Structures are given as C-alpha cells and as structure tokens.
Amino acid sequence: MLTFIATFSLIFLSEMGDKTQFIAMICSAKYGWKKVMTAIVIAVTSNHLLAVFLGQWITRYISHTMLSGGVFILFGISSLYEELYKSKENTFQRKLYKYNIIFFPCRNG
C-alpha cells in the first residue's frame with residue numbers, strides 16, 4: 001500500500017500544471033468532459049503501461065540503482081543542454097528543483 005501511495009503522490013504532483021493538463025482543459029471546453037476523460041484515461045494508461053513494462057524489461061539486464069542513476073543523469077544532462085543552448089529564461093533552478101523532488105524519492109525509496 002505504501003508503494004501505491006508513494007507512486008500515486010509522485011505522479012499526481014509531477015503532472016500538476018503540465019501541458020497535458022492544459023490541453024485537457026481546452027479539449028473539455030470543446031468536446032465535453034466524458035469524451036475527454038475517456039481519452040485521457042486510455043492515453044495515460046497506455047503511456048504508463050509502456051513505461052512500467054520497459055522498466056521491468058530493462059531491470060532484467062541492469063540493476064534498479066543503475067537505471068535510476070542513469071535516468072537521473074540523463075535528465076540532468078538534458079536540463080543543462082536546454083539551459084545552455086535553448087532557453088532564454090533562467091529556468092535552470094526550477095528544473096533542478098523539480099527533478100530533485102521527483103527522482104530522489106524514487107531513487108531512495
């Protein structure tokens with residue numbers, strides 16, 4: 001049960017204010033909440049099922065620690081790259097904070 005609560009909380013908080021949430025608001029204004037919710041549930045479930053199966057498959061070949069560390073490093077590199085070469089705003093600190101809040105509980109949990 002603790003795993004469920006931790007996973008739910010991390011995903012719920014990381015998705016708040018996400019561009020997908022804004023798209024859902026726009027679509028529900030045009031198409032109605034039932035159709036939009038059905039599409040969201042199918043899309044998010046499919047996406048997360050793929051992530052879960054991929055995670056299970058990868059951990060057959062490398063350890064959970066290596067996977068978590070590798071993903072953390074890749075996100076760090078992508079954040080640095082975006083900050084140094086693509087971004088005009090000073091959003092690096094916000095990204096670093098977001099990734100630390102999301103990945104440290106996963107890594108150490």
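How many residues has helix H2, and what distance does the helix reach from its first C-alpha to its last? I looked this up first. Helix H2 covers residues 19–31, has 13 residues and reaches 18 Å between those two atoms. The span expected at 1.5 Å a residue is 18 Å, and H2 comes close to it. I note here that the model is predicted.

**Entry on what follows H2.** I then turned to the residue after the helix. Glycine 32 follows H2, and its phi is positive, near 95 degrees.

**Entry on helix H1.** Helix H1 runs over residues 2–15 and has 14 residues. From its first C-alpha to its last it reaches 20 Å, close to the expected 20 Å. Glycine 17 follows H1 with a positive phi, near 75 degrees.

**Entry on aromatic pairs.** I searched the whole structure for aromatic pairs and found 3. One of them joins phenylalanine 4 and phenylalanine 8, which are stacked at 6.3 Å centre to centre, with 20 degrees between the planes. Both residues belong to helix H1, where they stand 4 residues apart, about one turn of the helix. Phenylalanine 8 also pairs with phenylalanine 12; this pair is stacked, with the centres 5.7 Å apart and the planes at 15 degrees. Phenylalanine 8 and phenylalanine 12 are likewise both in H1, 4 residues apart. An α-helix has 3.6 residues a turn, so residues three or four places apart point the same way. I recorded Phe4, Phe8 and Phe12 as one aromatic cluster.

**Entry on accessibility.** Is phenylalanine 4 buried or exposed? Phenylalanine 4 counts as exposed because its relative accessibility is 54%, and the cut-off for exposed is over 50%. Phenylalanine 12, at 47%, counts as partly exposed. I also checked leucine 13, which has its place in helix H1. Leucine 13 is exposed, at 61% relative accessibility.

Which residues make the nonpolar surface patch of about 840 Å²? I listed Met1, Phe4, Ile5, Phe8, Phe12, Leu13 and Met16.

**Entry on the record.** I consulted UniProt, where an unreviewed entry places the feature "transmembrane region" at residues 36–54 and 61–81. In the model, residues 36–54 are 100% helix and 0% strand, and their end C-alpha atoms lie 27 Å apart. Residues 61–81 are 86% helix and 0% strand, with 28 Å between the end C-alpha atoms.

How values were computed
Residues numbered from 1 in each chain as written. Predicted model: local features only at pLDDT ≥ 70, side-chain atom pairs only at ≥ 80, totals over all residues. Heavy atoms only, no water. UniProt positions renumbered as here; feature names shortened; annotations may be inferred. Expected span 1.5 Å × (residues − 1). Patch = residues over 30% accessible without salt bridge, like charges linked within 9 Å, V, L, I, M, F, W, Y side chains within 5 Å. Areas by Shrake-Rupley, 256 points an atom, 1.4 Å probe, with all protein chains shown as cover. Salt bridge = Lys/Arg side-chain N within 4 Å of Asp/Glu carboxyl O. Buried < 20%, exposed > 50% of the residue type's maximum accessible area, 1.4 Å probe, protein only. Phe/Tyr/Trp six-rings, centres within 6.5 Å; stacked < 30°, edge-to-face > 60°.
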